[in-house]
Amino acid sequence: MSSLLAVAVAALMSALVTWTSRPLLQRYALARPNARSSHRIPTPQGAGIAVITATLLVASAWAAWANLAIPPALIIATIVIALVGFADDIVSLPVLVRLALQAACVGAVVFTAPETARIVPALPLPLERGLILLAGVWFVNLVNFMDGLDLMTVAEVVPVTAALLLLGLLGDLSWPAALIATALCGAMLGFAPFNRPVAKVFLGDVGSLPIGLLLGWCLLELAWHGQPAAALLLPAYYLVDSTITLFRRIARREQFWSAHRSHFYQRATDNGFTVRRVIGDVFALNLLLAVLAVVTVRASSTSITWLALVAGAIAIGFVLRRFSRPQAS
């Protein structure tokens with residue numbers, strides 16, 4: 001019951017702050033459409049302020065009531081990376097400045113974790129933490145890259161955080177991570193009515209970047225609890241779409257750090273898919289991946305884990321193939 005209450009409170013708070021802040025965002029943080037945009041009319045951005053505020057306040061209050069500790073480095077890094085995103089929404093920061101600040105935020109979270117938190121104990125700790133840092137910076141950015149369609153981040157984050165909440169209730173995830181996931185799930189549900197097609201407001205970098213950090217930390221906690229397969233399965237669609245797109249752009253010698261319309265979900269809309277259909281397919285895929293992730297955790301079987309990973313890969317490949325093919329008239 002406390003979990004449902006936290007979801008409801010976070011949703012209400014997120015919706016209220018989004019609704020009240022929208023006139024200011026309309027005035028000062030307007031995203032104007034360009035050749036790479038999926039929207040066609042100027043739309044305010046920055047509702048991530050509401051999502052992150054609701055997430056941190058609800059999770060912190062719940063943690064205090066339950067006598068639990070959310071890492072202070074995570075809270076501080078989330079606020080800082082949100083400020084970086086907000087600045088980029090307004091004035092467009094240079095790429096290297098953005099990456100340096102993002103790396104500092106991710107590093108603060110990774111390198112303040114207990115030394116006992118390991119994924120591959122055979123690796124030297126500095127090497128493992130360095131690799132996690134690189135993966136964390138990429139994850140923060142890929143969440144930002146994939147936030148390019150109405151309700152896309154909602155369709156990704158809600159199934160993932162709901163699965164993390166379930167794993168927390170089952171005792172397979174630390175409670176601080178479960179609290180963050182629960183509050184984030186509620187905050188995204190509160191934001192969803194304002195972002196459904198045609199969106200009245202966007203998250204902006206002030207939302208997508210800290211969401212990537214919070215979600216990445218929750219998945220890292222899951223991996224640290226001996227469930228790396230589940231931690232890969234839950235965000236697998238975002239990981240595959242963004243990573244394949246990155247390598248394809250590098251192979252074509254494109255400026256891969258600049259805005260583009262090369263992601264599979266963007267190509268789907270160019271190929272005749274409606275926004276609602278793309279989001280529906282992504283949401284259904286993420287529900288399947290969430291089920292597979294929970295099965296791998298509860299089964300505790302190597303063979304079932306591999307079967308789940310293969311099934312997840314096949315499902316993702318099927319969706320990406322559909323997105324890549326033009327629809328019949």
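## Contacts of Tyr237

Leaving aside residues up to four places away in sequence, Tyr237 touches Met146, Glu156, Tyr265, Val282, Leu285, Asn286, Leu289, Ile316, Leu320 and Phe323, where contact means heavy atoms within 4.5 Å. The model is predicted, with local features needing pLDDT of at least 70 and side-chain atom pairs counted only at pLDDT 80 or more, while totals for chains, interfaces and linings use all residues. Residues are numbered from 1 along each chain as its sequence is written, and side-chain values use heavy atoms, without hydrogens and water.

## Nonpolar core

Tyr237 is also among the residues with the most contacts inside the largest nonpolar core, together with Leu164, Met188, Ile211, Leu234, Val278 and Phe323; this core has 98 residues. Such a core is a set of buried Ala, Val, Leu, Ile, Met, Phe, Trp, Tyr and Cys residues joined through side-chain atoms within 4.5 Å, buried meaning under 20% relative accessible area, exposed over 50% and partly exposed in between (1.4 Å probe, protein chains only). Helix H7 (residues 175-195) supplies the largest share of the core, 13 residues; helices are DSSP runs of H or I with at least four residues, numbered from the N terminus.

## Cysteines

The count of disulfides, defined as pairs of cysteine sulfur atoms within 2.5 Å, is zero. For Cys105, the nearest cysteine sulfur is that of Cys218, 16 Å away, and Cys105 is buried at a relative accessible area of 5%. Cys185 is likewise in no disulfide, the sulfur of Cys218 being the nearest at 11 Å, and Cys185 counts as buried at 8% relative accessibility.

Note on methods. Helix = DSSP H or I, 4+ residues; strand = E, 2+ residues; numbered from the N terminus.
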